[in-house]
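This briefing was prepared for a reader who has the sequence and the structure at hand. Please read the points below alongside the structure.

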Amino acid sequence: MTRAPVTGLSNVSRGALVGLLLAGLVAFGLVADEYLLDIGVLVGVYTILGLGLSIVIGQAGLLDLGYIAFYAIGAYWTALLSTHFGVNFWVLLPTSAAVAALFGVVLGYPTLRLRGDYLAIVTLGFGEIIRITLNNWRELTNGPMGIMNIPHPRIAVSGVGVLEFGLKVQTYYYFVLVLAIMTVFVVRRLIHSRIGLAWKAIREDELAAGAMGVDVRRAKLLAFGLGAAFAGLAGSFFAGRAGFVSPESFTFAESVLVVCIVVIGGAGSLAGVIAGAIVFIALPELLREAARYRMLAFGVAMVTLALVRPQGLLGRTWVGEERDEDRAAEAGVARGITSRVSGGS
Amino acid sequence: MAAVYVQQIINGLTIGSVYALIALGYTMVYGVLEMINFAHGDVYMVGSFLGLLVLALMGPSASLVGGSVALVLALTLLGAMAGCALLGVGIERLAYRPVRGTSRLGPLIAALGVSLFLQNAAMLIVGTRPKAFPPLIEKHLYHVAGAVFTNLQVLILAASLGLMLLLDQFVRRTRWGRAMRAVAQDAEVASFMGVEVNTVVILTFLIGSVLAGGAGIMVGLYYGIVDFFMGYIAGLKAFTAAVLGGIGNLRGAMLGGLLLGLAESFGAGFIGAQWRDVIAFAVLITVLVFRPGGVLGEQLPEKV
């Protein structure tokens with residue numbers, strides 16, 4: 001089953017647009033200076049995180065406030081195994097995603113029965129437990145000091161030579177670009193697959209979805225697991241690039257930042273999430289003076305958006321839209337009656 | 001050995017009663033609107049800083065009011081409570097009412113936004129460094145069965161229990177309390193019966209915020225230190241307390257607060273203080289998974 005493209009463009013012009021965009025992104029890597037590339041890498045990481053979380057929030061309608069924990073798990077998995085056992089980064093990158101996915105399923109399992117707002121709090125609790133554990137379990141994680149000297153990725157091709165990633169920003173820019181494009185592709189395929197439909201059904205009405213034969217438990221666990229996998233991937237990239245991880249990179253504020261990207265960009269829209277990552281990461285970096293006010297502005301933006309455009313900047317649907325329009329209509333009737341009653345008394 | 005237990009119980013009940021005060025705000029709002037007011041913890045944080053502001057306004061050693069301890073304490077509490085009441089009602093009016101009933105996640109997102117805003121506004125105004133909260137009350141130590149407790153602990157426990165008793169009676173015996181219970185049961189039908197739902201909601205936010213303001217002062221006095229981030233963790237714990245007791249249930253929130261305080265105090269005493277927060281979250285998750293209705297809450301089937 002295919003859906004009409006967002007913009008209503010024909011497939012040809014759509015393909016041309018995507019090609020142009022990609023060419024632009026590749027060209028950016030060639031011409032931009034280190035500072036801009038650095039921001040580009042950051043945007044890439046948050047795009048992956050945002051897309052992963054958009055599976056959980058935007059598709060399945062589960063508000064996860066502890067998402068950054070999976071990013072942390074990916075980062076620490078990479079950091080620990082590469083520094084202690086010298087495991088190759090290219091083994092750790094996919095396994096980070098797998099380990100994070102496993103955690104996603106394990107942490108998701110107990111929350112299956114919980115309603116939306118309870119779920120938000122429990123996931124928040126999970127996120128904090130992971131962070132505090134990383135902070136306190138000094139024997140394993142070196143506590144707040146973090147883990148240093150994580151080897152940078154390198155590609156060795158026999159007969160051709162060795163590509164050391166080292167600290168070259170440009171290399172990481174192209175690396176994260178590849179990862180992000182891969183993520184966009186996979187998430188797109190997922191959304192338009194059978195499981196994507198199941199998520200949508202659950203998002204709109206869990207009970208009805210279950211009654212229609214959707215395996216709600218399985219679909220939710222898949223959402224948690226797949227969403228977490230992308231965070232694990234991003235975490236592994238982060239560890240390999242920075243060469244250093246510590247618990248303070250994985251605070252609740254980071255979770256909120258990713259939630260902002262997803263929600264404000266448009267919970268159900270991939271383009272919205274990417275736009276969100278650009279706006280929320282690049283803009284504050286470029287406007288250094290205003291960086292102090294970033295979170296303050298996010299707060300205002302979230303409230304404003306909830307008020308005037310609940311589906312997000314580029315989103316088309318919002319969780320439980322149809323049903324809630326009915327409810328709003330009922331509420332309107334109720335208000336009318338109340339005012340008449342009180343007016344008469 | 002017994003003395004250690006007594007000590008943990010005293011400490012646990014003191015902080016637990018503060019959690020209970022904040023938890024009441026969560027549980028009342030949830031009861032009436034079925035939303036988690038994420039910003040409630042930050043209202044409590046603002047309460048602490050409003051207390052500091054009032055103290056600063058009264059001048060060095062409260063010279064403006066003649067230095068009477070009781071008067072200073074009363075004015076500080078009053079200032080914090082009134083300020084929080086205004087803040088709580090303002091938040092409801094500006095951020096929550098327009099999204100009420102629009103979607104499932106809408107109010108949650110708005111609440112998250114308000115919380116972010118308050119936290120960062122506070123950070124920009126007072127800075128990131130913790131501020132000292134003046135002790136106000138001269139410290140007395142009491143020794144009972146080998147355990148030590150202070151007059152401040154007694155005062156906090158007494159004041160919070162007093163406030164809780166007052167609220168309990170208000171909700172059970174007064175006209176407005178009945179209106180609140182009616183809206184909590186079914187807002188629509190209550191509105192047919194002539195209950196002004198909006199007024200009840202305002203009242204709910206007002207009472208919850210007043211209690212949070214009071215808790216803000218008590219914690220300031222108890223720990224002697226306040227910072228812009230204190231509302232986040234305290235809010236989470238208070239929410240845990242509300243869930244523990246059964247969200248929407250007033251007496252449950254009070255019981256949940258005290259239970260959580262005890263669990264934390266014993267856990268911190270026996271496992272290690274750095275795991276204190278983990279204990280609270282573990283309690284929260286365990287309760288939600290095994291008994292989502294809480295200790296005193298009823299098990300509700302999901303509405304179709």
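The model is predicted. Chain A contains 14 helices and two strands, and chain B contains 11 helices and four strands. In chain A, helix 2 packs against helix 11 with the axes 9 Å apart. A:A60, in the loop between helix 2 and helix 3 of chain A, is buried.

**Chain A overall**

- Of the 345 residues in chain A, 47% are buried.
- Among the contacts in chain A with a sequence separation of 6 or more, 78% are between residues 24 or more positions apart.

**Chain B overall**

- Chain B has 11 helices and four strands; its radius of gyration of 19 Å is close to the 19 Å given by the globule rule for 304 residues, so chain B is as compact as a globular protein of that length.
- The C-alpha trace of chain B extends over about 55 × 50 × 40 Å along its principal axes.
- Buried residues account for 53% of the 304 residues of chain B.
- Of the contacts in chain B between residues at least 6 apart in sequence, 77% link residues at least 24 apart.

**Packing of helix 2 against helix 11 in chain A**

- Helix 2 of chain A comprises residues 34-59 and helix 11 of chain A comprises residues 252-266; the two pack at an angle of about 65 degrees, with their axes 9 Å apart.
- Because angles of 65 to 115 degrees count as roughly perpendicular, helix 2 of chain A is roughly perpendicular to helix 11 of chain A.
- The two helices, helix 2 and helix 11 of chain A, form a right-handed crossing.
- On the side of helix 2 of chain A, the contact involves A:Y46, A:L49, A:G50, A:L53, A:S54, A:I57 and A:G58. On the side of helix 11 of chain A, it involves A:V258, A:V259, A:I261, A:V262, A:V263 and A:G265.
- By class, the residues of this contact are nine nonpolar, four polar and no charged.

**Surroundings of A:A60**

- A:A60 is located in the loop that lies between helix 2 and helix 3 (68-85) of chain A.
- A:A60 counts as buried because 28 C-beta neighbours lie inside 10 Å, where the cut-off is 20 or more.
- Leaving aside residues up to four places away in sequence, A:A60 touches A:I55, A:W199, A:I202, A:R203, A:K220 and A:A223.
- A:A60 and A:F224 are separated by 164 residues in sequence, while their C-alpha atoms are 9.1 Å apart in space.

Note on methods:
Residues are numbered from 1 along each chain as its sequence is written. Chains are lettered from A and ligands numbered from 1 in the order in which they are written. This is a predicted model: local features need pLDDT of at least 70, side-chain atom pairs count only at pLDDT 80 or more; totals for chains, interfaces and linings use all residues. Axes are lines fitted to C-alpha atoms, for helices over the stretch in contact, and angles run from 0 to 180 degrees between N-to-C directions. Angles under 35 degrees count as roughly parallel, over 145 as roughly antiparallel, 65 to 115 as roughly perpendicular and the rest as oblique. A crossing is left-handed if the near helix is turned anticlockwise from the far one by less than a right angle, and right-handed if clockwise. Two residues are in contact if their C-beta atoms, placed from the backbone, lie within 7 Å. Ala, Val, Leu, Ile, Met, Phe, Trp, Tyr, Cys and Pro count as nonpolar, Asp, Glu, Lys and Arg as charged, and the others, Gly among them, as polar. The radius of gyration is taken over C-alpha atoms; the globule rule is 2.2 Å times the number of residues to the power 0.38. A residue is buried if 20 or more other C-beta atoms lie within 10 Å of its own, exposed if 12 or fewer, and partly exposed in between; C-beta atoms are placed from the backbone.
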